[in-house]
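Dear colleague,

Please find below the structure that I am handing over to you. My notes on it follow directly after.

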Amino acid sequence: MKRKDKALLKKEFVNLQSGFEIDQGKRERALACIRGGVRAKKINVSPSLIRRLYVQIKYMEKWYLLFPVLLSAGLLGLMRILSREEGWRMELLSLLSAGVAFTGIFGAISVSRIFANHMGELEASCFFHVGEIVAVRMILSGLVNGVMILVCAFVLQGWMREELLKVLVYILTPFLASNCLYFAVFLFLREKNMVFAFLAAGVVCACLWFVLLCLPWAYEEGMLAAWMLLLIVSVIVFAAEICLMLRQVREGEMVCLHWN
Amino acid sequence: MDDRTLIYKIQRGEKELLNEIAEKYYDDIYRFCCYLTGERWDSYDLAQETFLRFIQYVDHYRYRNLKGYLLTIARNVCMDYFRHGKDEVLLEEPLGEQERRSAKEASQDEISALVERQFFLGELQKLPQIQREALILYYYSGMKIREIAAITGVSGSTVKSRLRQGMEKMKKGMEE
């Protein structure tokens, strides 16, 4: 369609509007009726976003944030003792990677608990937005885990005299790859007792990473590219799982899931 | 006060501000209903119904584009009107009561402008409803393609094709 025709049509609409008189009496009558509707209306005042966040943080179970901190502190303590022994170097990294991989289950449990025993339905009916609750828990859990991983990597690189970035890749990869499995358990498993499923997945991941990373070639210089690739794949899979979870939340599928 | 602030305050309990929204958008919604249904008199009620529905759901409204939201409600109200009340209108009476009164006192130029407007309105009413609403939302309400797609619940390419077809028919009708 030509631009000239579009401009012509636009002009016609403007002309139409200018000649379109509104009957003021009828308009006033309609507005009076609307005013009546406004008078009869009872506004259900919903709390502000800040207030909702405050209430969420106040009432959420703090154990799921505290567990990773305690576990990471325990791991660092254990490593401090082991680092005094001669010959323990890469094994420390394997131990930390396995430990960090296990700590991821607390984040997954914290998110999945939102939907336990119809809590999602209940919270959604009390002004909370289920997507909002999930986002808050994930952000908090991600922040705690992120800080713990950074602290561990920083301490470890001092003991090992390795680059911080390299140590971070060695720790982050098992953590993210394991989280992919935990979220897959959360998204696709419909068990009565999901805590055991998460714990089982956590133990399997921790053992698998520990055994795998004790292999002599795992931390060789040439393997760094493979580590990076695995990290990128894990990030993509994890992002896809979060998108899938948010879609299930939006469509209400998640709210219908419940477990003890 | 902008729309976002109005909605924020209304949802905090200042319900009287709903009247301000009605005052601000009543004319636009009325004209939209009028162009869509072709019924000048029923459109006062349709615009009123639009605001009453908005008042009903305002507690749960998450602010994005207030005018777009009101137009979406107005469109649904008009659809209900077609569904329950009557079939699509082809052409309203050529001149409204007010126009008839002013035509008696108008000059030759004003009369020809009036006839031209009525002719344009008539051509608009001849279009299928889906093309008519796309044209009205785009050219009259100044909505973007993606906004029209959201209001009408179709894809952007469908809106573009409806606009193109509607334009062609209007052009043809006006040339004849």
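In chain A, where is confidence lowest, and where is it highest? The model is predicted, and the mean pLDDT falls to 61 in helix α11 (residues 253–256) of chain A, the lowest value for that chain, while helix α2 (residues 24–40) of chain A has the highest, at 90. Across chain A the average pLDDT is 80, with 86% of the residues scoring at least 70.

A:Ala153 counts as buried because it has 23 C-beta neighbours inside 10 Å, the cut-off being 20 or more. Leaving aside residues up to four places away in sequence, A:Ala153 touches A:Leu164, A:Val167, A:Leu168 and A:Ile171.

Among the contacts in chain B with a separation of 6 or more, 63% are between residues 24 or more positions apart.

In helix α1 (residues 3–11) of chain B, the buried residues are B:Ile7, B:Ile10 and B:Gln11. These residues lie on the same side of α1(B), because they cover an arc of only 95° around the axis. Just after α1(B) comes B:Gly13, with a positive phi of about 115°.

With kind regards

Note on methods: Residues numbered from 1 in each chain as written. Chains lettered and ligands numbered in written order. Predicted model: local features only at pLDDT ≥ 70, side-chain atom pairs only at ≥ 80, totals over all residues. pLDDT = per-residue confidence, 0-100. Helix = DSSP H or I, 4+ residues; strand = E, 2+ residues; numbered from the N terminus. Buried ≥ 20, exposed ≤ 12 C-beta atoms within 10 Å, placed from the backbone. Arc of directions from axis to C-beta. Contact = placed C-beta atoms within 7 Å.
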